[in-house]
Amino acid sequence: MTDQAYTFAYLDEQTKRMIRRALLKALAVPGYQVPFASREMPMPYGWGTGGVQVTAACLVPEDRLKVIDQGADDTTNAVSIRRFFARTAGVATTEATAEATLIQTRHRIPEQPLREGQILVYQVPIPEPLRFLEPRETETRKMHELEEYGLMHVKLYEDIARHGTIATSYAYPVKVEGRYVMDPSPIPKFDNPKLSGNAAIQLFGAGREQRIYALPPYTAVVSLDFDDHPFTASKPGHACDLCGAAHSYLDEVITDDAGGRMFVCSDTDFCAGRRREGHQGRLGGQA
Amino acid sequence: MTQPQKATEFSQSIRGAVAPLLQVAGLAKSYGARIGCTDVSFDLFPGEVLGIVGESGSGKSTLLSCLAGHQRPDQGQILYDGQDVLAMAETERRRLSRTDWAFVHQNPRDGLRMGVSAGANVGERLMAIGARHYGDIRAQATDWLGRVEIDANRIDDRPAAFSGGMQQRLQIARNLVTAPRLVFMDEPTGGLDVSVQARLLDLMRGLVRDMGLSVVIVTHDLAVVRLLAHRLMVMKSGRVVEQGLTDQVLDDPQHAYTQLLVSSVLQV
């Protein structure tokens, strides 16, 4: 049951309208960072205050909510946010990607392709892709306005000069519809190709920085690279030790103090689904 | 024309035949009631070096920043290649300052990106105008480091690891890599010791001649303008008190302030 002390989904109606206006503007200008009056939420900054506000503004009573943290449904952050909305909005929750109508995520895109009608909400710590290269906000806004994105390539150049290859492995900058350069939030670059042409609506909320941006369905998103150092969606060169999947993003888990380790899918729902279907990895029997 | 750096011959051969690259008329900028610079007019021709000298507070840096678009003048007109710079859209003006113009700061730390390597510093302008081939960018950066006498194996070092003179040379390389036509320099030799200054001046003179650069150089060092500048403008209290060919102004100063300035130089 909804906790009657709160309005639906915790935020008051005026706040939700304000956020929805920002969301509509963000969808109209894909990749553009729309300022919004971010509210204090009952959680610390950095724990997903932006994502939670976007989720609150999007939820309707018929929604089925899934929350993931680094791909997992069962970590503290994911469990807390899921319970928060189960209590304040009374919406149904799920761990199955296919059943969810709204998915709030921290740092991953689910392995299972999303479909039309689904909404993916990202938690964003630092929305400005140029921030660590240009500290002045006035200047970065000007750079977005005038499409001066050469600096982004300076970062990639520096990567190659230092490491021989583009070493940026998460929060890998992308260009949206040939216009805005966007920080895709700290998702691994393995997930970058999934941003492009995705059937779902993708919304990005940065609470502390008070910015919202969005990718409408089927938006073209290109990862920046050099002609002679093309973008590659990298992952550990293993298969999942539990479900045997060879093409999913993996977490490395240390199992003992003698160098023992295993690789498991970071997307827990995907991994569990495969195991239910009978797939088994190297350690699948024991785990 | 055997000695292109000789001002008199240069001026006679260029002027009249070619349209000026930069035309400035009635430029004025004030800070509240205080005058920054006022009533400045001059023409700069392709391949010409204009020196602006004067004591601290005479308005030469204000003038330079107005010319380079860092500040908006209160009055006057600036035409670059026939286009009105002040009426230009900001996109266009910033594109100009990335491609056709360059600005060399007095302190290399203002002009360099200290957090990234020398190669990335030189490559930045190339990437800003659309270069997307790492190998090509690196090759050009290496070439330019060579031209400003920085060893190629320092390409991946950060500017913080460079000496003051090297930083200044790196700043010059970073600015000239897109082959600009107009370069603004603000005291480029300030803070360097004399032997390093001499090398830098020699290098700059060579680059200016080889690339046919037009330069506006602000300095308080008369020796620098004697070496580099074809023409000279002397400023005092925000106004131009005397202008003419460099040798003429320095050897036969007419205005009392210029006479004072010339006679104030210490003789070794």
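Guide: In this predicted model, 13 residue pairs are in polar contact across the interface of chain B and chain A, with both partners at pLDDT 80 or more. On the side of chain B that touches chain A, the elements that give two or more residues are α3 (90-99), α5 (118-128) and α6 (134-147) of chain B, and of these α5(B) gives the most, with five residues. Sorted by class, that side of chain B has nine charged, seven nonpolar and six polar residues.

Turning to charge pairing, the rule finds four salt bridges across the interface of chain B and chain A; one of them joins E90(B) to K142(A), with the closest N and O atoms 2.9 Å apart.

As for the extent of the interface, 22 residues of chain B are in contact with 21 residues of chain A, and the area buried between the two chains is about 1,900 Å², with carbon and sulfur atoms giving 56% of that area. Within chain B, the residues that lose the most area to chain A are R94(B), R132(B) and Y134(B), which together account for 38% of what that side buries.

Notes:
Residues numbered from 1 in each chain as written. Chains lettered and ligands numbered in written order. Predicted model: local features only at pLDDT ≥ 70, side-chain atom pairs only at ≥ 80, totals over all residues. Heavy atoms only, no water. Contact = heavy atoms within 4.5 Å. Buried area = accessible area lost by both parts, 1.4 Å probe. Salt bridge = Lys/Arg side-chain N within 4 Å of Asp/Glu carboxyl O. Polar contact = N/O pair within 3.5 Å; in protein donor to acceptor, adjacent residues only side chain to side chain. Helix = DSSP H or I, 4+ residues; strand = E, 2+ residues; numbered from the N terminus. Nonpolar A, V, L, I, M, F, W, Y, C, P; charged D, E, K, R; others polar.
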